[in-house]
Amino acid sequence: MIKLVRVDHRLLHGQVAFTWTSAINADCILIANDAVPKDDLRKTSLKLAKPTGVKLVMKSVEDSIDAINSGVTDKYKLMIITESIKDVKKLADGCPSIKSINLGGTKAKENTKSISKAMNVTEEEIQMLHELIDRGVEVEIRMTSNEKKILAKTVI
Amino acid sequence: MSRLIFASHGKLSDGMLDSVRMIAGDLADGIETISLFPGQSPNDLYVQLKKEAAEKNEKIIVLCDVLGGSVHTTLSQLREFDHVMIISGMNLGLALDLAMNYQNDLSLEEVEKLVEHSKEGIGVIQGEPEDEMDEDF
């Protein structure tokens, strides 16, 4: 069962490991990212952030979609982390079971605008978010689990 | 209600709270800090807390910076109260675990578990990683 789908450019780090996994009681974290599975050093460092008693799986976005749709993840209280809105859009497009997306943080770049303290998005990404929202996916902004949800549609 | 107090020589406790807030956000609200500065007597800190502990039968967890330092040794006298626990060896992992759990009326056993867990968080890394199997579903 998918408990949380999050966009966070830092992927798995203290904030996520400490507050989110316990708040949603996750027992498995899936990092859906095309670069990570091919990068041993990055994989090793992400493993360091893994909370005890939680399983950590790292797969490409495509492989993540296949895994989720195959049903092998059903038995887990699953938290999925992607690094970008592009990746989460692809994931949600491929997985109808994703009904809600949490925006945690994305870095500010030249062509981005800030829509919250930690979220910076491009025009193209705003379009993607609108597409998701229009078909009924909840898109909410929260850095930590104890913050109040801000619905993305109110700020984009 | 329970109280969580970070206690240190100098500003470590304030800095620790600042770092807890960066990671855990509002969960840092309500956590207290005590600092001992040059020229101050740790005994004054103890006397104040002792008074508070005697007035109200409310659980107090004190996280001290270092085992056997004057902050810890002095505040360790608060052990006479059954509703006070004094921990030594402050680190961010333990501070976070406590921040997230102290409102749940933690038992001594539960706090011991958090302390043990924080010890696992101390380690050193150098060189190439060992080959480790990746987990799968």
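What follows is a chat about a predicted model with chains A and B.

User: What are the ipTM and pTM of the model?

Analyst: The predicted model scores ipTM 0.76 and pTM 0.83.

User: And what about chain B, what is its mean pLDDT?

Analyst: Chain B has a mean pLDDT of 94, and 100% of its residues reach 70 or more.

User: What does UniProt place on chain A?

Analyst: An unreviewed UniProt entry places the feature "domain: PTS EIIB type-4" at residues 1-156 of chain A. In the model, that span is 33% helix and 24% strand, and its end C-alpha atoms lie 29 Å apart.

User: Let's go to the helices of chain B. At what angle do α1 and α4 cross?

Analyst: Helix α1 of chain B, residues 12-24, and helix α4 of chain B, residues 92-101, have axes that cross at roughly 65 degrees and come within 10 Å. The crossing of α1(B) past α4(B) is right-handed.

User: Which residues make that contact?

Analyst: From α1(B) the contact is made by B:M16, B:S19, B:V20, B:I23 and B:A24, while α4(B) brings in B:L92, B:A95, B:L96, B:A99 and B:M100. By type, the residues of this contact of α1(B) with α4(B) are nine nonpolar and one polar, with no charged ones.

User: How many residues does each chain put into the contact between A and B?

Analyst: Chain A gives 20 residues and chain B gives 13 residues. On the side of chain B that touches chain A, α1 and α4 of chain B each supply at least two residues. The residues on that side of chain B divide into seven nonpolar, two polar and four charged.

User: New topic, A:V61. Where is it found?

Analyst: A:V61 is found in helix α3 of chain A, which covers residues 61-70.

User: Is A:V61 buried or exposed, and why?

Analyst: A:V61 counts as buried because it has 20 C-beta neighbours inside 10 Å, and 20 or more is the cut-off for that label.

User: Which residues is A:V61 in contact with, leaving aside neighbours within four places in sequence?

Analyst: The contacts of A:V61, with those neighbours left aside, are A:A32, A:N33, A:D34, A:D87, A:K90 and A:L91. For A:D34, which is 27 residues apart from A:V61 along the chain, the C-alpha atoms of the two are separated by 6.0 Å.

User: Last one, B:F37. Buried or exposed?

Analyst: B:F37 is exposed, because 8 other C-beta atoms lie within 10 Å, and the label applies at 12 or fewer. The place of B:F37 is in the loop between β2 (32-36) and α2 (42-55) of chain B.

Key. Residues numbered from 1 in each chain as written. Chains lettered and ligands numbered in written order. Predicted model: local features only at pLDDT ≥ 70, side-chain atom pairs only at ≥ 80, totals over all residues. UniProt positions renumbered as here; feature names shortened; annotations may be inferred. Helix = DSSP H or I, 4+ residues; strand = E, 2+ residues; numbered from the N terminus. Axes fitted to C-alpha atoms, helices over the stretch in contact; angles between N-to-C directions. Left-handed = near helix turned anticlockwise from the far one by under 90°. Contact = placed C-beta atoms within 7 Å. Nonpolar A, V, L, I, M, F, W, Y, C, P; charged D, E, K, R; others polar. pLDDT = per-residue confidence, 0-100.
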